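Dear colleague,

Please read them alongside the coordinates.

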Amino acid sequence: MITINPIPAFSDNYIWHLQRNDEHWVVDPGDAAPVVDALGANKLAGILVTHHHFDHTGGVADLVARYQCPVFGPASIDCVSHPLENGDQFTLLDVGATVISVPGHTLDHIAIILREAGKYHLFCGDTLFAAGCGRLFEGTPEQMYSSLGKLAELPPDTRVYCAHEYTLANLKFASAAEPDNEAIRARVAAAEELRHQGRPTLPSSIQLEQDTNPFLRCGEAAVRRQAIQRGAAEDAGPVEIFATLRHWKDNF
Ligand code: ZN
Ligand code: FE
């Protein structure tokens with residue numbers, strides 16, 4: 001069995017640490033020091049990177065120098081030794097991994113899906129967040145909407161490992177985007193309790209995101225209504241609703 005634990009970094013990043021027996025991998029190490037601390041006497045077998053932002057790559061060079069490990073990620077990143085693109089498959093920790101391209105937050109952004117005995121683990125960087133999604137720094141609303149749609153098609157019990165602890169702030173926005181959603185209300189209470197205990201609110205699941213994430217709910221009448229009040233056309237399609245929500249959230 002793979003165990004997956006967050007290594008907190010900076011103010012709100014999570015570097016996901018994957019382990020099976022004595023094989024250790026990390027995802028998006030923005031900083032090397034907390035990874036070295038978490039590994040102790042263990043060696044790092046490899047690094048996965050989802051996109052080029054510094055808070056996801058800043059620790060890679062130091063970790064490679066220390067452990068001489070391979071780096072799997074987008075070809076756009078200098079220190080990547082194994083470039084990945086849409087549809088690529090490879091094996092780590094004795095399980096199969098599949099790569100999907102998810103442009104929007106950045107153009108080079110990929111998501112990595114591990115399939116372990118019928119269970120899916122999704123590492124989605126800054127594309128899908130708990131109750132939210134990444135900002136559109138490089139891509140268009142069309143690209144991000146389509147990328148999120150690909151992730152939303154994964155099995156409902158897929159575990160979702162996002163790269164930031166943004167859940168409470170995202171839920172505040174989700175509550176405004178869909179004020180009468182009972183599942184959002186329940187999630188606020190659950191997330192507040194976890195944060196109160198100093199615990200991460202992640203991983204999430206695709207089902208929970210389907211039920212509470214406004215960016216996956218652009219077809220819902222209640223979400224449409226709020227987006228139309230914020231400037232979307234009465235007959236707006238889902239991409240325009242999505243773009244309106246994203247713009248509203250940028251200024252929320
Ligand atoms: Zn980013
Ligand atoms: Fe980030």
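**Core packing and the metal site**

In this predicted model, Leu18 is in contact, beyond its neighbours within four places in sequence, with Ile2, Thr3, Ile4, Glu23, His24, Trp25, Val27, Leu93, Leu114 and Phe123. Leu18 also belongs to the largest nonpolar core, which has 53 residues, and it is among the members that touch the most others, together with Trp16, Phe90, Leu114, Leu122, Leu151 and Leu245. Strand S9 makes the biggest contribution to this core, supplying 5 residues.

Turning to the metals, the zinc ion (ligand 1) is coordinated by NE2 of His51, ND1 of His53, NE2 of His105 and OD of Asp126, at distances of 2.2 to 2.3 Å. Along the chain, these donors follow the spacing H-x1-H-x51-H-x20-D. The iron ion (ligand 2) lies 3.2 Å from the zinc ion (ligand 1), with Asp126 coordinating both.

As for where two of the histidines sit, His53 is in the loop between strand S4 (46–48) and helix H2 (54–57), whereas His105 is in the loop between strand S8 (95–101) and strand S9 (110–116), so the pair ties together parts that are 52 residues apart in sequence. Both His53 and His105 are buried.

With best wishes

Note on methods
Residues numbered from 1 in each chain as written. Chains lettered and ligands numbered in written order. Predicted model: local features only at pLDDT ≥ 70, side-chain atom pairs only at ≥ 80, totals over all residues. Heavy atoms only, no water. Donors = N, O, S within 2.8 Å, 3.2 Å for Na, K, Ca; no water. Helix = DSSP H or I, 4+ residues; strand = E, 2+ residues; numbered from the N terminus. Buried < 20%, exposed > 50% of the residue type's maximum accessible area, 1.4 Å probe, protein only. Core = buried A, V, L, I, M, F, W, Y, C linked by side-chain atoms within 4.5 Å. Contact = heavy atoms within 4.5 Å.
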